[in-house]
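Have a look at the structure first, then read on.

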Amino acid sequence: METMANSEAEMDYEEIYTASNTLDASAIFHTIYDVVGFVLYMHQQIPSTVQDMSVEFDAMHSEYKELEMALETQVKASFRRKHVSKMRDLKVGIKRLDKFMNSLLNIQTAIKIVINEVPSIDGVVLALGASPLRPQHIYVLNYSHEIAVSEVADDFARTKAVDGLSRKAIRTLISKGVGSVTYPGPVKLFVLIKAPSSFNQPMHFLPKRDFRYNRKVVPLGLLFKCRNRDQEVAAPTSEDLIWFQCRHVIKGLALNTTPEE
């Protein structure tokens, strides 16, 4: 059985540098979340980007409410049939996306909790496959211990610097061929985070101690490092760090792959 520790020597690491004042709690959150969405899209687990799907989901909800309100004041039978049919189609679309969008929201919440409670993020693993023990792909995000995150980062606002760093990470993944190998049908994306053993959020995370997987998969790693950091932040000792698996699992959507006639 292979462990993350043993596989680090084989890991295909790419270093991503940024200015020391840009790699804060917000940047850490958005790089993790953006890579999650990118991995899902590139491995054909979702039909479009997470951003486009969020817009589509909100638009369907808004249109459904508008049709519902219009239906209350309309008595013409042909009008009502048309509206009821459209509402039925929208309801099917909303139901199809609802579980996926809730999973994304839960993942966002869980990541924000970790960043707010852990002074330095040691590592994040995204495991795509049937289970974390049998992944088809492993992606590792490591953040330099020179990074100091804010004690509380309630807004996690996006900035131009954050967007630029995310674009660097995405371009790096593209250059490494992410998505060149895909698998038919929906698979699951698991998120694991290495944090001090004292970290306790049972609603969102389960302690996994040593993360192990039994597939011969070489992890692809991104290492985020600061330039011009004047003061280093002490990192927890390795004995204090264990892996925590997020309870929230994202399952890919079944895409329509029927060839056009």
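**A tucked-in serine**
- S48 counts as buried because its relative accessibility is 18% (buried is under 20% relative accessible area, exposed over 50%, partly exposed in between, with a 1.4 Å probe and protein chains only).
- You'll find S48 in the loop between α2 and α3 (50-73).
- Skipping neighbours within four places in sequence, S48 touches Y41 and M53 (contact means heavy atoms within 4.5 Å).

**Where this comes from**
- This is a predicted model, where local features need pLDDT of at least 70 and side-chain atom pairs count only at pLDDT 80 or more, while totals for chains, interfaces and linings use all residues.
- Residues are numbered from 1 along each chain as its sequence is written, and side-chain values use heavy atoms, leaving out hydrogens and water.

**Salt bridges**
- The count comes to four salt bridges (a side-chain nitrogen of Lys or Arg within 4 Å of a carboxyl oxygen of Asp or Glu).
- R158 pairs with D34, with the closest N and O atoms 2.8 Å apart.
- R158 also bridges to D163, at 2.7 Å between the closest N and O atoms.
- Shared partners join D34, R158 and D163 into one network.
- D34 is buried at 12% relative accessibility, while R158 is partly exposed at 38%.

**Two helices side by side**
- Helix α2 (residues 25-42) packs on helix α4 (residues 77-117) at about 150°, with axes 10 Å apart (axes are lines fitted to C-alpha atoms, for helices over the stretch in contact, and angles run from 0 to 180 degrees between N-to-C directions).
- Helices are DSSP runs of H or I, at least four residues, and strands are runs of E, at least two, numbered from the N terminus.
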